[in-house]
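Welcome, and please take a look at the structure below.

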Amino acid sequence: MDLASKKCVPCEGGVPALELEEIEKKLAELSGWSFTDGQIQKEYSFDSYLAGLEFTYELGKIAEENGHHPDILTLWSKVRVSLVTHSINGLSDNDFIIAAKTDRLFEKYVPRIRKYARRCCLLYTSDAADE
């Protein structure tokens, strides 16, 4: 079963954090996530602030459904997601499950981003041709 299809398991503490070897193995199952300062994180790009805000809201609903909440920073055209299991002061399987679910959610936005990029490219190309 892939990570995005798994459910988070409540973690109340008393469970050991994942070791570095396990973290590296699980990171290999994800694309574009990095391990820094004891957490995993990734930045997603969007065609507009509203698209990023919509993504943030949808991710919040996924987090609530799974009882595991990432730190989310919404910027203009970007959303940065950071995950760590605070109750164990380290990473757990839940962090990687939410990371995979976040990537799956982002797949919904990729066609819109490509369409926006093509539109911008066409505008730039036609502006350059007018000079």
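What follows is a short tour of this predicted model, grouped by topic.

This is a predicted model, in which local features need pLDDT of at least 70 and side-chain atom pairs count only at pLDDT 80 or more, while totals for chains, interfaces and linings use all residues. Residues are numbered from 1 along each chain as its sequence is written, and side-chain values use heavy atoms, with hydrogens and water left out.

**Strands and their pairing**

- Helices (H or I, at least four residues) and strands (E, at least two) are DSSP runs, numbered from the N terminus, and two strands pair if DSSP finds at least two bridges between them.
- Strand 1 (residues 34-36) runs antiparallel to strand 2 (residues 39-45), with three bridges joining them.
- Within that pairing, Phe-35 has Ile-40 of strand 2 as its bridge partner.
- Two residues separate strand 1 from strand 2 in a hairpin, and Asp-37 in the turn has a positive phi of about 50°.
- Strand 2 also pairs with strand 4 (residues 78-83), again in the antiparallel sense, over six bridges.
- Here Glu-43 finds its bridge partner, Arg-80, in strand 4.

**Helix 1 and its two sides**

- Ile-23, Lys-26 and Leu-27 of helix 1 are buried (buried means under 20% relative accessible area, exposed over 50%, and partly exposed in between, with a 1.4 Å probe and protein chains only).
- Glu-21 and Lys-25 are exposed, on the face of helix 1 turned away from its buried side.
- Strand 1, strand 2 and helix 3 are what the buried residues of helix 1 pack against.

**The nonpolar core**

- The largest nonpolar core has 28 residues, and those touching the most other members are Leu-30, Trp-33, Ile-40, Tyr-44, Phe-46, Phe-55 and Phe-96 (a nonpolar core is a set of buried Ala, Val, Leu, Ile, Met, Phe, Trp, Tyr and Cys residues joined through side-chain atoms within 4.5 Å).
- At least two residues of this core come from each of helix 1 (20-27), strand 2, helix 2 (49-66), strand 4 and helix 3.
- Helix 3 gives the largest share of this core, at seven residues.
- In soluble globular proteins, nonpolar side chains tend to be buried together.

- Asp-103 belongs to helix 3 (residues 93-107), and its relative accessible area of 14% is why Asp-103 counts as buried.
- The side chain of Asp-103 makes a polar contact of 3.1 Å with the side chain of Trp-33 (a polar contact is a pair of N or O atoms within 3.5 Å; within protein, one must be able to donate a hydrogen and the other to accept it, and residues adjacent in sequence count only if both atoms are side-chain atoms).
- Asp-103 and Lys-42 also meet through their side chains in a salt bridge (3.0 Å, N to O) (a salt bridge is a side-chain nitrogen of Lys or Arg within 4 Å of a carboxyl oxygen of Asp or Glu).
- This pair links distant parts of the chain, with Asp-103 in helix 3 and Lys-42 in strand 2, 61 residues apart.
- Both Asp-103 and Lys-42 are buried.
- Leaving aside neighbours within four places in sequence, Asp-103 is in contact with Leu-30, Ser-31, Trp-33, Lys-42 and Tyr-44 (contact means heavy atoms within 4.5 Å).

**Further salt bridges**

- The whole structure holds six salt bridges.
- Arg-80 and Glu-43 form one through their side chains (2.8 Å, N to O), and this pair links strand 4 to strand 2 across 37 residues.
- Arg-80 counts as partly exposed because its relative accessibility is 30%, and Glu-43 is partly exposed at 36%.
- In another salt bridge, the closest N and O atoms of Glu-58 and Lys-61 are 3.3 Å apart.
- Glu-58 and Lys-61 are three residues apart in helix 2, so about one helical turn separates them.

**His-68 in its loop**

- His-68 sits in the loop between helix 2 and strand 3 (71-75), and His-68 is buried, with a relative accessible area of 8%.
- A polar contact of 2.7 Å joins the side chains of His-68 and Asp-95.
- Beyond neighbours within four places in sequence, the contacts of His-68 include Cys-8, Leu-83, Val-84 and Ile-98.
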